[in-house]
Amino acid sequence: MNLNQRYKKYRQKKVSTIILLTGLIIASLIVSLSIGAAEISPVEVIKILLGQSNQYKWEMIVVNIRLPQAIAAIVAGFGLAIAGVAMQAILNNPLGAPFTLGITHAAAFGAALSVVLLGTGTVQNNSGEAVKIDNHYLTTVVAFLFCVAEAAFILMVAKLKKTSPEVMVLAGIAMGFLFFAGTMFLQYLADDIQLAAMVFWTFGDLSRADWKEVFIMTVATVPGFMYFQYNSWNYNVLSSGEEAAKSMGIRVDLLRTGGLFISVVLTAVIISFLGIIGFVGLICPHMMRRIVGDDHRFLVPASALCGAILLLLSDTIARVILLPHVLPVAVLTSFLGAPLFVYLLVKGYRR
Amino acid sequence: MKLIIDNLSFAYKSKDVLNDISFRVEKRELLSILGPNGVGKTTLLRCINRILKAQKGTVFVGKDNLYKMSTFEIAQNISYVPQHSRSSRLTAYDAILMGRRPYINWRVSQRDYDIVEKIIRRLDMGCLALRYIDEMSGGELQKVSIARALVQGPRVILMDEPTASLDMRNQMEILTLIREIVERDDIITVMSIHDINTALRFSEKLLFVKDGKIHSAISPSQIEEKIIEDVYGVRVKIQEINNCPVVFPLESIIKEKSNGGD
């Protein structure tokens, strides 16, 4: 067998991994839709999805309650994971993630500010049920704007220093602390109800998503994915070093600026709607590096699918683990994510 | 075809690094850039393929002005082998294929694969091709880097200290390979290097740089003790072994005006 055939065979393996992951998503979706307060058999779920069911009540539960939340999990996990891969590639740093760049802090601050200043924080606390923020959209928009402003600031600072990735990370961490302090200050000033609203907002929770939110997140995620996939080749080149990348004709500054901005906007859209969901963007790329390697042509889609599966399964568990209470998914992703991350670290961190 | 460096000047902020550097390299020549640390050898290399943009001067490959080309066009003419490449979990094949980036937009064509396969065969790297580069030794990694530079289909290759971290055997292998590239593939090669004896043995031209200027541009047979004493501040003795001049350092010259004692 000649070399090119061997190479194609090797690549075929990676393609198979991606196909396998896609299959896993469909399986997880069916499992997720069937599990809950009302147990519905997977067969029934498939029937419902294919429009073949005559169980009207179950169809209502699956299509109107569980499906939007499950699809939101898939879209959000997909989006957060590709933003994570892109950040790690752009920053040449395995720690690249919305959290390290301070984006999550910016979003939390924006939400807190809108609660205090714009009075979006009237909370309805009906008998231990979920606390709800009054004006969901206004809070979302303010949180989103702060994320984008924060990213713009990081890029401005980085621009002064030749778009160095270290400067980007450090500026991000500094801004994160600043927003964290700002949020604390607002929390200190806030009354009980506002405080509850602020804190509650930060718990990333997929049940906040309905079809409209899912639609907007999808509109952000799909072009984002296309952009990152298109640039996957450039990220590979960049991973061999900045000088090498430039010598191959890559406009590294543009690649960094564009990629960072798009990954921030994508993350911002998702966390502004859902609240802060940690670790998906950080851990999925690292899990997939183990399996498909650092070739971004495969790493981007594999991480995306991994993110979708991870968030979907986490959400499913979060919904049922403390029945009749429903945990926000973010609690679970961090609980699972932190030890998993340490495991990956110990198991074999190269370099 | 020639590589012509015409009046290049470069400054970081206000610190002048390169001052009116001009030289030319002919077809089938290997030019070595020599000089003390921090004299701007790497900067000079980077200015040639516009990784850094010189404030003054231009570079021609044949009749084509590099300073008027798009970044991809430059990459199609000149490739660059950095001193250190970061490794990641990519196969050597994928890493070499990256050299086709200036020609590829979205899809890799059969032609690209064919070129990669040809170069891998040519460098006898078949057994390395599907290994991950983060598990390779320095010598193997350098070979991958050179293969990547060749796949780029350049007329000129720039190398920054190609043998810096290699053992003796690997140094010989890499330098023999570079010679072959210069002679067989007709690719002009410019490298920066610290080891004068290697430069004397393997290159057609030596360019000594001092204080941002060219101190002297000579062929190996023209080497004199005076030049090296001037450029490096080291007293040396030159003798021939196998018809090749060899520089043996004796002692560093203590200057009257030393900057700060011990």
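Strand 6 of chain B pairs with strand 7 (residues 156–160) of chain B in the parallel sense, through four bridges. Here strands (E, at least two residues) and helices (H or I, at least four residues) are DSSP runs numbered from the N terminus, and two strands pair if DSSP finds at least two bridges between them. Within this pairing, Ser79(B) has Ile157(B) of strand 7 as its bridge partner. The model is a predicted one, in which local features need pLDDT of at least 70 and side-chain atom pairs count only at pLDDT 80 or more, while totals for chains, interfaces and linings use all residues. Residues are numbered from 1 along each chain as its sequence is written, chains are lettered from A and ligands numbered from 1 in the order in which they are written, and side-chain values use heavy atoms, with hydrogens and water left out.

Both strands belong to an open sheet of six strands in chain B, with the order 6-7-8-3-9-10 and mixed pairing. Strand 6 (78–81) and strand 10 (213–218) of chain B each have a single partner strand and stand at the edges, so one side of each has no neighbour in the sheet. From one strand to the next, the twist averages 20°, with axes fitted as lines to C-alpha atoms (for helices over the stretch in contact) and angles running from 0 to 180 degrees between N-to-C directions. Helix 1 (residues 41–48) of chain B packs on this sheet and touches strand 3 (30–34), strand 6, strand 7, strand 8 (188–192) and strand 9 (205–210) of chain B, contact meaning heavy atoms within 4.5 Å. The direction of helix 1 of chain B makes about 155° with that of strand 7 of chain B. Helix 6 (residues 168–184) of chain B lies across strand 3, strand 7 and strand 8 of chain B, and runs at about 150° to strand 8.

Elsewhere in chain B, strand 1 (residues 2–12) and strand 4 (residues 56–61) pair in the antiparallel sense over five bridges, with Ser9(B) opposite Lys56(B). Strand 4 of chain B is also joined, by two bridges and again antiparallel, to strand 5 (residues 64–65) of chain B, where Asn65(B) stands opposite Phe60(B). The hairpin of strands 4 and 5 of chain B has two residues between the strands, and Gly62(B) takes a positive phi near 60° in it.

Turning to the interface, chain A contributes 35 residues to the contact and chain B 41 residues. Together the two chains bury about 3300 Å², 56% of it on carbon and sulfur atoms; buried area is the accessible area (1.4 Å probe) that two parts lose on being put together, summed over both. Leu3(A), Trp233(A) and Met248(A) supply 21% of the area that chain A buries against chain B, more than any other three residues. Two salt bridges are counted between the chains, a salt bridge being a side-chain nitrogen of Lys or Arg within 4 Å of a carboxyl oxygen of Asp or Glu. Asp94(B) forms a salt bridge with Arg297(A), with the closest N and O atoms 2.9 Å apart. On the side of chain A that touches chain B, two or more residues come from each of helix 1 (3–34), helix 8 (211–230), helix 9 (232–239) and helix 10 (242–247) of chain A. Helix 1 of chain A gives the largest share, eight residues.
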